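User: Could you walk me through how to read a few local features in a model like this one? I would like the general idea and then the case at hand.

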Amino acid sequence: MKTAIATVSIAGDLAEKLSAIAAAGFDGVEIFENDFLAFDRSPKDVGQMVRDHGLEISLFQPFRDFEGMPEPQRSRTFARAERKFDLMQEMGADLVLICSNVSPIALGGIDRAANDLAELGDLAARSGIRIGYEALAWGRFVNDHRDAWEIVRRADHPNVGLILDSFHTLSRKIDPDSIRAIPGDKIFFVQLADAPNFNMDLLYWSRHFRNMPGEGDLDVTGFMRAVAATGYDGVLSLEIFNDQFRGGSPKSIAVDGYRSLLYLMDQVRRTEPGIRIPVPEMPDRVPVAGIEFVEFAADRKEANDLSAMLTTLGFHKAGKHVSKEVELWRQGGINIVINTDPRGFAHASYISHGTNVCDIGLKVADASATVARAETLGAKTFEQPVGPGELKIPAIRALGGSVIHFVDDSKDLSRVWEIEFEPVGQGGATGDAGLIRIDHLAETMNYDEMLTWLLFYRSIFDTEKTAMVDVIDPAGLVRSQAIENDDGSLRITLNGAENRRTLAGHFISEGFGSGVQHIAFETADIFKTVKALQANGFMPLVISPNYYDDLDARFGLEEDFLNDLKNSGILYDRDENGEYFQLYSPTYGEGFFFEIVERRGGYKGYGAANAQFRIAAQKRHFRAKGMPAR
């Protein structure tokens with residue numbers, strides 16, 4: 001599997017781009033002409049830089065407005081091409097991309113275009129150069145790969161072939177299966193990009209909103225299946241135009257790009273048998289049976305505060321670690337671990353971030369296979385010294401500096417709690433509140449990191465993404481998107497903060513990084529849970545009475561039911577499938593909080609309509625503790 005990425009896809013000068021591309025594992029690079037023109041080294045020097053990084057120049061691009069030009073412009077395009085061929089020879093590049101003409105003076109006609117390409121093919125052959133012709137989605141006469149292929153076919157020149165770009169095909173809603181009829185040896189190069197499904201001008205959409213395969217809404221897998229079916233076994237390259245990426249970390253964007261190609265081709269290999277492209281073997285995407293545990297890193301004082309809050313939520317201390325200062329708290333099928341040990345990863349996490357969720361445990365079918373897939377996709381494995389009585393539990397480094405451990409039904413891992421923890425008595429424990437399991441985890445990050453998190457989870461685990469929604473914070477916008485599996489045993493909401501004044505932004509800035517901002521517990525009867533919580537001394541987040549007046553206006557609720565919601569501090573939502581109930585704790589630390597939810601019927605969402613009212617209440621809670629109202 002030969003991989004490449006266009007230099008335009010990531011930030012930095014050419015030297016920075018090449019370093020990041022090589023470090024991510026790519027085999028080659030597309031030199032985007034503007035990146036070369038802005039660089040102050042010769043073509044020969046650039047070529048040597050590429051090779052010094054262990055890369056090859058897979059493509060030089062773009063050569064614009066070539067075919068079908070009237071004289072004298074036609075002669076000038078050929079002269080311009082000769083100069084580019086000389087430059088490419090110095091650089092060590094042998095393939096150039098010619099994109100379909102957009103010039104207002106261009107002349108139409110498939111035969112005219114074919115004759116121009118054939119003549120250019122003769123010129124290119126003398127320099128050892130090949131020409132790849134690509135249909136731009138906004139090309140004046142050629143904007144469909146089927147027309148581009150017909151031009152290449154009529155040119156009938158060994159040095160003239162087709163370049164396919166997933167965005168140009170899929171943005172125009174052209175059936176990618178039409179690619180299957182093209183001979184694989186006449187496809188010289190394949191460029192890949194995904195994008196959110198917008199309805200906008202094609203050029204603007206392409207120039208600003210492309211993203212990595214698997215991050216958007218286009219059927220890049222279907223496109224690549226069709227390409228692979230032709231027998232194509234050449235370079236797979238990323239050409240990404242994205243304002244967000246241009247301002248991001250070159251290294252992280254390059255890593256995302258390489259992961260996206262591996263993920264894409266693993267899907268293609270599983271659905272399009274017999275392809276010639278060699279794809280690294282890895283286990284299939286991992287089904288997750290549930291969230292086995294959530295682990296907090298804390299010091300002893302803050303652990304006492306957290307334990308007190310868990311107690312009012314109906315949790316009881318169920319175990320003490322056999323060799324470390326670690327406690328296990330339980331309710332229903334929920335395991336919460338509080339780690340105050342002054343050694344190891346959790347302590348380092350506390351030093352860096354304060355009290356935080358440092359580790360998540362997932363229940364999977366095969367823990368070792370999960371790590372193997374994640375490692376193939378570029379994730380780093382995690383290990384630390386195993387203490388007396390501890391198990392070696394497979395784990396990877398997650399995003400935001402945290403860890404994900406994996407347990408399965410194997411002999412030892414299925415008994416981790418009884419092996420590693422000594423049971424403790426429940427004397428004096430408060431009453432069980434009816435919490436069953438973890439409904440979802442909410443992870444908060446900067447908005448420009450959201451696609452990285454999305455790709456990380458989707459490529460490793462058998463999950464799908466929901467539509468992105470806007471969460472209105474009084475201080476700005478937070479973008480929210482969920483990753484979930486079919487049965488709801490794994491739900492993770494990703495919340496991208498655009499500024500530090502929002503509650504989500506405050507959490508990131510004061511906690512020194514991204515991470516889990518809240519945990520939502522599920523109950524089968526939220527009104528019974530509220531009574532149990534009240535008996536435990538739990539104090540819910542106080543919601544404005546104005547919210548309930550509006551709730552009645554929107555849904556026409558029965559008076560007794562509405563009063564029960566209001567008196568309990570429960571937020572309510574419903575859709576055509578079912579109902580959703582939400583109860584919140586006050587914030588803990590710098591914006592962490594717990595949520596309790598009940599789903600009735602087939603409600604699939606996360607109560608996004610209630611978010612702004614919950615956030616306003618949380619900010620009032622912050623103000624009550626600290627800054628006075630103005």
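User: Where is the place of K173?

Analyst: K173 sits in the loop between α7 (166-170) and β7 (187-192); helices (H or I, at least four residues) and strands (E, at least two) are DSSP runs, numbered from the N terminus. This is a predicted model, in which local features need pLDDT of at least 70 and side-chain atom pairs count only at pLDDT 80 or more, while totals for chains, interfaces and linings use all residues. Residues are numbered from 1 along each chain as its sequence is written, and side-chain values use heavy atoms, with hydrogens and water left out.

User: How should I read the backbone there?

Analyst: Most residues other than glycine have a negative phi, and most peptide bonds are trans. The phi of K173 is near 60 degrees, a positive value in a residue other than glycine. F512, in the loop between α17 (503-511) and β22, also has a positive phi, of about 60 degrees, and is not a glycine.

User: Is K173 buried or exposed?

Analyst: Buried means under 20% relative accessible area, exposed over 50%, and partly exposed in between (1.4 Å probe, protein chains only). K173 counts as exposed because its relative accessible area is 70%. F512 is exposed as well, because its value is 61%.

User: Which residues lie nearest the centre of the largest cavity?

Analyst: Here is the idea of a cavity first. On a 1 Å grid over the protein atoms alone, a cavity is a set of points where a 1.4 Å probe fits but cannot get out, and lining residues have an atom within 4 Å of a point. Grid points are joined across faces, edges and corners, and a volume is the space filled by probe spheres set on the points. The largest cavity has a volume of about 80 Å³. Its lining has 14 residues, of which Q61, E134, L136, R207 and E239 lie nearest its centre. The elements giving two or more residues to this lining are β3 (56-63) and β4 (95-99).

User: What does Q481 touch?

Analyst: Contact means heavy atoms within 4.5 Å. Not counting residues up to four places away in sequence, Q481 touches M450, L454, K465, T466, A467, M468, I492, T493 and L494. Q481 lies in strand β20 (residues 476-484) and counts as buried because its relative accessibility is 8%.

User: What does the side chain of Q481 reach?

Analyst: A polar contact is a pair of N or O atoms within 3.5 Å; within protein, one must be able to donate a hydrogen and the other to accept it, and residues adjacent in sequence count only if both atoms are side-chain atoms. The Q481 side chain reaches the backbone oxygen of T466 at 2.8 Å.

User: How many bridges join β1 to β2?

Analyst: Two strands pair if DSSP finds at least two bridges between them. Strand β1 (residues 2-6) is joined to β2 by three bridges, and the two run parallel; A4 stands opposite G28 in β2. Both faces of β2 are covered, with G28, E30 and F32 buried on one side and V29 and I31 buried on the other.

How values were computed:
On a 1 Å grid over the protein atoms alone, a cavity is a set of points where a 1.4 Å probe fits but cannot get out, and a pocket is an open set with protein on both sides within 12 Å along at least five of seven lines; lining residues have an atom within 4 Å of a point.
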